[in-house]
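The entries follow in the order in which I looked things up.

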Amino acid sequence: MAWRDDWRRVRAIARKDLTTELRAKAGFNSVAALGVTILVLLGLALGPDAQALRNAAVGAVWVATLFAGVLAFNRSFQVELESGALEPLLQYPGPRWTIFAGKLLGNLIFVTLMVAILVTAGVVLFGVRLTAGWPSLLGVLALGIVGLVVLGTFYASMASRSRAREVLLPLLLFPMLVPVLLAATTASKALLGGDLMHDAGAWIRLLIAYDLVFLIATFIAFEHVIEA
Amino acid sequence: MVNGQPERAIDVSGLGKRFGLRWVLRGVSFDVRCGEAVGLLGPNGSGKSTVLRILGTLLTPNAGTGFVNGLDIVRDASRVRGQVGYLAHTPGLYDDLTARENLRFAADMLGASSTAVEGSLERVGLAHVAGERVRGFSAGMQRRLALARLILRSPRVLLLDEPYSNLDAEGVELMNSILGSVVGSGGAALVALHELAPARAALARTLTLADGRIEARHSERPGRDHATPIPVTR
């Protein structure tokens, strides 16, 4: 059955990407270390005021995730280019959206692991107290990760053919991520504060809509981008 | 058509490809019949790799048409990929995976079995290093592993870009036996080469590309009469 073949390819790419990343120790370790360093530096810059630290915690975690994520997205296509493996990858039979889906799945797992470390570090370093709304907070985190990874993976594929890909990716990605980061940060902050004004819902709906639109758009556009 | 199969495994007409303002291919036309291996000769930059990459659906032509086993390389690209085995100039392997993991990945992508993985490793003589990471392999071993990936399933058409580079005498023999078995079973091969010598025994004829055009066509068995060009006709 075609969908089983497609799903087998998606899993194979994700597994291959995660294996190569975890074996190339520079990969995950350097990305996680960058994220934690950003958190520590932001914590030091904000000073000892406990309330100020708690207020800034959500933003700090997203900033750290953003910068560490860019490194991860760049690497996911660099692996193919370094070894000349992009051509064999494109030459396998089957629809090319499966390549994007495989890369996306690999990056989702990678970034989720990284965010788990960063959130733990953020809670400890910034003295965050979790409220009763923590399951919703996890949901917001998941929606934010999806938005970040969908756009990050897509723009990394677009920038991968360019010599200046390390510079090009943030230039393309950061403006597009503003709505995701704004919605995720504001919704998370509202939920951490008990959502007294009931404004988290609107931001969560915006996140869902944004994720859906770009999930569909990037799947459609990927084939044209990777062939260019 | 013979038994419902097209007689021509590859049929290219007026193929043109432009990178920026520069035309790399200018109206290339040729065919490769089923059961035939054809060499594509020419100096660096003559367009050999571009022809192979277009036929392998990695590039889209700017002009002309191309068919692989009767399938249009632009409209039926996905089905063409299912019929073609493409060996690029670089082996395209993952350094941090072992030889077996590289082939398992390829097998998953191709829908080949794990038995095929072990069989391919045996055939190319890499079974004893199957558990080692590719990072430590020599260029020749990497080439052999790329060959193992090529024969994981039985492609109907082989597109080979400088397949003999980095191969020792045994590797050349292996390459020719793979070519022979594909061609012998009614498949076809188009082989881009700098040097004719290692492939001489395996090729039925050769085409010479120069400056993006077919400059000369050489008759059957290039080993004997490759010095005598046949007038270019279509």
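I counted two residues as in contact if their C-beta atoms, placed from the backbone, lie within 7 Å. On that basis, residues 24 or more positions apart account for 66% of the contacts in chain B with a separation of 6 or more.

I noted that the model is predicted: local features need pLDDT of at least 70, side-chain atom pairs count only at pLDDT 80 or more, and totals for chains, interfaces and linings use all residues. Residues are numbered from 1 along each chain as its sequence is written, while chains are lettered from A and ligands numbered from 1 in the order in which they are written.

I then looked up burial in chain B and found that 48% of its 234 residues count as buried (20 or more other C-beta atoms within 10 Å of the residue's own; 12 or fewer is exposed, in between partly exposed).

Next I examined the pairing of helix α1 of chain A (residues 2-23) with helix α3 of chain B (residues 99-110), whose axes come within 8 Å and cross at roughly 155°. Helices are DSSP runs of H or I, at least four residues, numbered from the N terminus; axes are lines fitted to C-alpha atoms over the stretch in contact, with angles from 0 to 180 degrees between N-to-C directions. α1(A) and α3(B) are therefore roughly antiparallel (over 145 degrees; under 35 is roughly parallel, 65 to 115 roughly perpendicular, the rest oblique). I recorded A:R8, A:R9, A:A12 and A:K16 of α1(A) as meeting B:F105, B:D108 and B:M109 of α3(B).

Finally, I noted that the C-alpha atoms of chain B fill a box of roughly 50 × 45 × 40 Å along the principal axes.

Key. Helices (H or I, at least four residues) and strands (E, at least two) are DSSP runs, numbered from the N terminus.
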